[in-house]
Amino acid sequence: MSKKIAVICGTGAATSTIIMNKLTKFLEEKQIKARTTQSNVNAIANSYEDYDLIVSTTHVPNSVTTKVINAVPILTGIGADKVYDEIEKELNS
Amino acid sequence: MDILEYIVGLGPSVMLPIIIFLFGLLVKAKPSTAFRSGLIVGIGFVGINLVIGLLVNSLGPAAKDMVSRLGVELSIIDVGWPATSAISFGSTVGALAIPIGLGVNVAMLFFGLTKTLNVDLWNLWHIAFTGALVSILTGSITMGIVTALVHTIIILVLADLTAKHVQEYYGYPNVSFPHGTSTPYYLIALPMNKVFDSIPGIKNIKADPDTIQKRLGVFGEPMVLGLILGAFIGVLAGWNVQETLTLGVQMATVMLLLPRVTSILMEGLMPISEAAGDLVKKRLPERDLYIGMDSALAVGHPAVIASTLLLIPIVLGIAAFLPGNKVLPFADLVTIPFIICLMVPVFRGNVFRTVVTGAVAIGIGLWIATYISPFFTSAAKNAGFQFPEGASQISSLVDGAVPTTAIMIFASKLGYVGLVGIGIIFLAIASYQKKKAARAEKESSEEFTA
């Protein structure tokens, strides 16, 4: 079964769109099958259990027990490769 | 200017694709990419228009009935930042906002007056907003352009001033937030913090963000908030059960769809924004830069979320009882994090201080939002947003209630002198900061050699 990823930011409109785009391209290149959903931090606090992985550009509440990966390096370009590696590792585990 | 006016006359859903396409070619994106980007931006615009139609057409009559039944004068609907940004980009000045914003940024970098390179072109809608309002108010597009120019300077200077908080408190190295909504409130938080510190008793009040989030978290989810508010307003309007519940679901729809359709606009802008960023970065000399990003990065911080959850009912209460306010806060209730996110570091995460200051700032902001609503509504009509005859007026908290909006509007009433004067003040702050940084560097290098 393919894993479910939530891509989130503060609003679910701005920076998460950028991450969504880049992540989708990355997953295609690596031929990793995963289902991605775009959302915001307030919604995820109530629905985190539906996802295997959360990729976020903002802080996520401590109550969220799903694994969270910080995606800000993908935005700034500094250290982006490390984040992609981490995502890949998490999806293959 | 004639060509520009003709293109703007085509309406934003046609104009924006053309402008984005041309700008894309200018920053050397592939023609096919530029074409797709332009078209997607146009689609996003039409999409936002549809959702705002739903909001105004369903909440409008309810607000009206509520007003006539209860006598609370809340007839201006807060359409929220997604609509505000689309209306702004759809204006004549908005069409020029991206070149203006980038141009001013590059010039200030060149003269060392800022350290921020704003790669977040999306958020240039803030300067388009004040520019559009001033050009409607004064009837002069040139005045609007000068407004956008000066507003860019203000935002960059404030982004530099707040950069240390973004880096130290939020932990984003080399990042600053040149964000039109978040940065001005920093200047309000600074004196307020001094006031709190000097009052015994209040000095030590705190509130725990985690507990607040656990208890109230469900209300922070936009669609749940939409449902509750919609149903609540239906009840106040005296509507029957079916009408009330329908309004609730419709408002939940608006809250869920607004960010979704806005992200389409964003998606279109992204490749162009990246191409422009690369081009600028390539041309700039290597030096210590802050990368200007959306303050959305800070929105998830526990103290920001907790303060927002408390502020939502407080802002609604203030709106109902504040004399002179006519704005019914709605779509921007979930945008409150952007208003407070640069206050939070000044207050070191103190939720009590953030909520009090936020309430005062938004309360005053409601007057601004009320005052600008006629100009806001005609900007929306100019941008092709369709309202039924005699429909409610509209406004927003972001950026309708933001202090810089008031500053730019009132400065424009003094004519060019006012606008240029504000620009000079902020350039002077920038040049003082530059000198201070140079002095600090010199001292530290002297220490090193000694």
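Before starting, a word on angles: axes are lines fitted to C-alpha atoms, and angles run from 0 to 180 degrees between N-to-C directions. Keep in mind that this is a predicted model.

**Exercise 1.** Work out how helix H2 and helix H11 of chain B pack.

*Solution.* 
- Step 1: Find H2 of chain B at residues 12–26 and H11 of chain B at residues 241–283.
- Step 2: The two pack at an angle of about 25°, and their axes are 9 Å apart.
- Step 3: Angles under 35 degrees count as roughly parallel, so H2(B) is roughly parallel to H11(B).
- Step 4: The crossing of H2(B) past H11(B) is left-handed.
- Step 5: H2(B) brings B:Ile20, B:Phe23 and B:Gly24 to the contact, while H11(B) brings B:Gly268, B:Ile272 and B:Ala275.
- Step 6: Sorted by class, this contact of H2(B) with H11(B) has 4 nonpolar residues, 2 polar ones and no charged ones.

**Exercise 2.** Describe the open sheet formed by 3 strands of chain B.

*Solution.* 
- Step 1: The strand order is E5-E1-E6 in chain B, with parallel pairing.
- Step 2: Strand E5 (327–328) and strand E6 (394–395) of chain B are the edge strands, each pairing on one side only.
- Step 3: Strand E1 of chain B, residues 76–78, is joined to E6(B) by 2 bridges.
- Step 4: B:Ile77 has B:Ile394 in E6(B) as its bridge partner.
- Step 5: Helix H3 of chain B (residues 31–70) lies across E1, E5 and E6 of chain B, at about 135° to E1(B).

**Exercise 3.** Which residues of chain A does the UniProt annotation "domain: PTS EIIB type-2" cover?

*Solution.* 
- Step 1: According to the unreviewed UniProt entry, the annotation covers residues 3–93 of chain A.
- Step 2: In the model, the end C-alpha atoms of residues 3–93 of chain A are 10 Å apart, and the span is 45% helix and 23% strand.

Definitions and conventions
Residues are numbered from 1 along each chain as its sequence is written. Chains are lettered from A and ligands numbered from 1 in the order in which they are written. This is a predicted model: local features need pLDDT of at least 70, side-chain atom pairs count only at pLDDT 80 or more; totals for chains, interfaces and linings use all residues. Helices (H or I, at least four residues) and strands (E, at least two) are DSSP runs, numbered from the N terminus. Angles under 35 degrees count as roughly parallel, over 145 as roughly antiparallel, 65 to 115 as roughly perpendicular and the rest as oblique. A crossing is left-handed if the near helix is turned anticlockwise from the far one by less than a right angle, and right-handed if clockwise. Two residues are in contact if their C-beta atoms, placed from the backbone, lie within 7 Å. Ala, Val, Leu, Ile, Met, Phe, Trp, Tyr, Cys and Pro count as nonpolar, Asp, Glu, Lys and Arg as charged, and the others, Gly among them, as polar. UniProt positions are given in the numbering used here, feature names are shortened, and annotations may be inferred rather than shown by experiment. Two strands pair if DSSP finds at least two bridges between them.
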